[in-house]
Amino acid sequence: MFDTLQDRLQSAFKSLRGKGRLSEADIDAVAREIRVALLDADVAVPVVRDFIANVKERARGSEVSQALNPAQQVIKIVNDELVTILGGETRRIQYAKNPPTVIMLAGLQGAGKTTLAGKLGLWLKGQGKSPMLVAADLQRPNAVNQLQVVGGQAGVTVFAPEPGNGIGDPVKVATDGLAEARRTLHDVVIVDTAGRLGIDAELMQQAADIRAAVDPDEVLFVIDAMIGQDAVVTAEAFLEGVDFTGVVLTKLDGDARGGAALSVRSITGRPIMFASTGEKLTDFDAFHPDRMASRILD
Ligand code: GDP
């Protein structure tokens, strides 16, 4: 995902090699190169602006260190700033004091929500939980069936509406699913919801209604890291529509420029909690800002 960004940053740092001390002009030059590298990776403009301002300020103020030469100091500063824009600490799921913990998924169609439901279910099982998936995406004809398939692959129970009763009411499916999870003592409920290809007022309202009905402990906004500059508007619309508590980045295995991954935390103020890196159910893990920053700079 970040190959080009990685190369561009490396070449920016290269120009500092062998320098004994950084002049103002050196700092300006390297900051300019980092700025272009980030913008070309589709990182949102305000995020880049703050990032560069911080790098410059810290590079100017950096102590002449015995241990690090100027190039290493700048790399360290860029690393720290990447960790910061990615959210600093790893943010874990906040489980309900009284189970079941309710996790609602929201995002555009194709973002990877249904796949994620299976991945998260499997991951939660690995954490010793007993999750249940609830198929409240009644918009896409095949969504319920697809959730049943991934649930089966993950070995996780799926609550789905009875077929053949027309389109059905997703809010009722969500609340029925929650009641069923309580009855059958599942301790985490993952509610899959519908999305369209673009932002859609009607579906956003539906997601908001589901949110109001099931009162989730976490609302995870699922976003395809390959969508580039559209990430900002999409994230802002879902923040307003469903006030999500965390972000899941999907398709980090793609070869797009990845700016969504680097912008979404700063734009929304919500932590990135998980990352998906492939189509297999096991291509998924908790998101660690420090590890991601190291990967970009490696
Ligand atoms: P939904 O419409 O949001 O429910 O999206 P789906 O779960 O149906 O996913 C859409 C497509 O993206 C499917 O073909 C998935 O296999 C694929 N997909 C989901 N997550 C990933 C990922 O992390 N990497 C890759 N390469 N493909 C993914």
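**Salt bridges and ligand surroundings**

In the predicted model, Arg-257 and Asp-42 form a salt bridge in which the closest N and O atoms are 3.4 Å apart. Arg-257 is located in the loop between β6 (246-250) and α10 (259-268), and Asp-42 in the loop between α2 (24-40) and α3 (45-61), so the pair ties together parts that are 215 residues apart in sequence. Asp-42 has a relative accessibility of 12% and counts as buried.

The structure holds 16 salt bridges. One of them joins the side chains of Asp-80 and Arg-58, with an N to O distance of 3.1 Å. This pair links distant parts of the chain, with Asp-80 in helix α4 (residues 70-85) and Arg-58 in helix α3, 22 residues apart. Both residues are partly exposed, Asp-80 with a relative accessible area of 21% and Arg-58 with 34%. Together with Lys-76 and Glu-81, Asp-80 and Arg-58 are linked in a network of salt bridges. A further salt bridge, at 2.3 Å from N to O, connects the side chains of Asp-200 and Arg-196. Asp-200 is buried at 18% relative accessible area, whereas Arg-196 is partly exposed at 28%.

Oxygen atoms of the ligand lie 2.8 Å from a polar backbone atom of Lys-113, 3.1 Å from a backbone N or O atom of Gly-278 and 3.3 Å from a polar side-chain atom of Arg-140. Of the 590 Å² of accessible area that the ligand has on its own, the protein covers 81%.

Note on methods
Residues are numbered from 1 along each chain as its sequence is written. This is a predicted model: local features need pLDDT of at least 70, side-chain atom pairs count only at pLDDT 80 or more; totals for chains, interfaces and linings use all residues. Side-chain values use heavy atoms; hydrogens and water are left out. A polar contact is a pair of N or O atoms within 3.5 Å; within protein, one must be able to donate a hydrogen and the other to accept it, and residues adjacent in sequence count only if both atoms are side-chain atoms. Accessible areas come from the Shrake-Rupley method with a 1.4 Å probe; for residues, only the protein chains shown count as cover. A salt bridge is a side-chain nitrogen of Lys or Arg within 4 Å of a carboxyl oxygen of Asp or Glu. Helices (H or I, at least four residues) and strands (E, at least two) are DSSP runs, numbered from the N terminus. Buried means under 20% relative accessible area, exposed over 50%, partly exposed in between (1.4 Å probe, protein chains only).
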